[in-house]
Amino acid sequence: MTQPEPTTPVIELRALTKRYGLGDACFNALDGVTLKIEKGEFIAIMGPSGCGKTTLLNVLGLLDSADDGEYMLDGKAVDRLGSARHARVRSNQIGMVFQSFNLINRLTVLENVALPLTYKGVRRIKRLERASEVLAQFHLQEREYYMPWQLSGGQMQRVAIARALVNEPSIILADEPTGNLDSRSSHVIMEELSELHKKGNTIIMVTHNPNLTSYASRVINMLDGRIASDTKIKVDTRGANTPVKIPLNQRANTIKANRAKAEASAHASPAVKRTTKSSGIAKKTSKKTPSRSKKRSAS
Ligand SMILES: Nc1ncnc2c1ncn2[C@@H]1O[C@H](COP(=O)(O)OP(=O)(O)O)[C@@H](O)[C@H]1O
Ligand SMILES: [Mg+2]
């Protein structure tokens, strides 16, 4: 029987080491991390504070470089490239999401999302059009001209995810993306990440919350800069792996016709469960949360 061709891992780390400090104070924040990540995995990285999770994510995102070892991205060594090449690789392949959202307060939501396209030399009108399309997928187009501080934490993080996706990267790195959010907003964000995973993206997420590992296909535990355990989880595509179902933003209004239809059926039968797909990102509504039509008129 012929064996299937082995695929190139999207990420491969070999004995990666990152040192901080000098002399007696020198220590390995990453201590010989060896890891293969296949395309389409959803990895949750856990471990106590200070064990090297953020350092690992920053090295993976080419925001920082390792002192020893190798980092292969799509089979190519990237750790020794210069900062300009790093920026190019990052902008083509990697989207990053942070705990503190990292939105720029003096820019509108639309401008924030369009920002990564600036570094690619895309013209302003095209940038804003593309950003608007991505925001529509997240049902945030009505917030385009808001400033970040006018949004809730959950909305800010969804804007940050939209910004991470505007370049259509295949890898999403998220460092405690729900760390500053209440549980409801956390699950909305997790549903978004889960949808991106289902569309084939590779997701690597640091989290402190063991409940959120239920979205992952693999859980890596770190300790003192090393991988302490690495567990693959059998994903049940029928939903067993997504036990927490919190409805997403109900304002599924990418298209006016959809909105009218939703309103009509909400009046007719507000308790009917409904799923609306738009640009590949599914939005779910259910009877658990009342219609937000009042809010719509207020915003
Ligand atoms: N820029 C830095 N300079 C010196 N030490 C650092 C730096 N960044 C992180 N560290 C140290 O490296 C270790 C790992 O940090 P980090 O990766 O942020 O941990 P985690 O995200 O798991 O909480 C910690 O001891 C931290 O204090
Ligand atoms: Mg951290």
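Two residues count as in contact here if their C-beta atoms, placed from the backbone, lie within 7 Å. Keep that cut-off handy for the exercises below, which use a predicted model.

**Exercise 1: a helix pair**

Task: find which residues of α5 meet which residues of α6, and work out how the two helices are oriented.

Solution:
- Step 1. On the α5 side, the contact involves G153, G154, Q157, R158 and I161, and they meet S185, V188, I189 and E192 of α6.
- Step 2. Sorted by class, the residues of this contact are three nonpolar, four polar and two charged.
- Step 3. Now for the geometry: the axes of α5 (residues 153-165) and α6 (residues 183-198) come within 9 Å and cross at roughly 20°.
- Step 4. Angles under 35 degrees count as roughly parallel, so α5 is roughly parallel to α6.
- Step 5. Finally, the handedness: α5 and α6 form a right-handed crossing.

**Exercise 2: the shell of ligand 1**

Task: list the residues surrounding ligand 1 and say which element supplies the largest share.

Solution:
- Step 1. Around ligand 1 lie Y20, A29, G47, S49, G50, C51, G52, K53, T54 and T55.
- Step 2. Helix α1 (residues 53-60) gives the largest share of this shell, with three residues.
- Step 3. In the shell, three residues are nonpolar, six polar and one charged.

**Exercise 3: confidence**

Task: decide where to read the model with care.

Solution:
- Step 1. The protein has a mean pLDDT of 82, with 77% of its residues at 70 or more.
- Step 2. Residues 238-260 stay under 50, although the model has 41 contacts for them beyond four places in sequence.
- Step 3. Residues 269-299 are also below 50, with 42 contacts beyond near neighbours in sequence.
- Step 4. Where pLDDT is low, predicted coordinates should not be read in detail.

Notes:
Residues numbered from 1 in each chain as written. Chains lettered and ligands numbered in written order. Predicted model: local features only at pLDDT ≥ 70, side-chain atom pairs only at ≥ 80, totals over all residues. Near = placed C-beta within 6 Å. Helix = DSSP H or I, 4+ residues; strand = E, 2+ residues; numbered from the N terminus. Nonpolar A, V, L, I, M, F, W, Y, C, P; charged D, E, K, R; others polar. pLDDT = per-residue confidence, 0-100. Axes fitted to C-alpha atoms, helices over the stretch in contact; angles between N-to-C directions. Parallel < 35°, antiparallel > 145°, perpendicular 65-115°, else oblique. Left-handed = near helix turned anticlockwise from the far one by under 90°.
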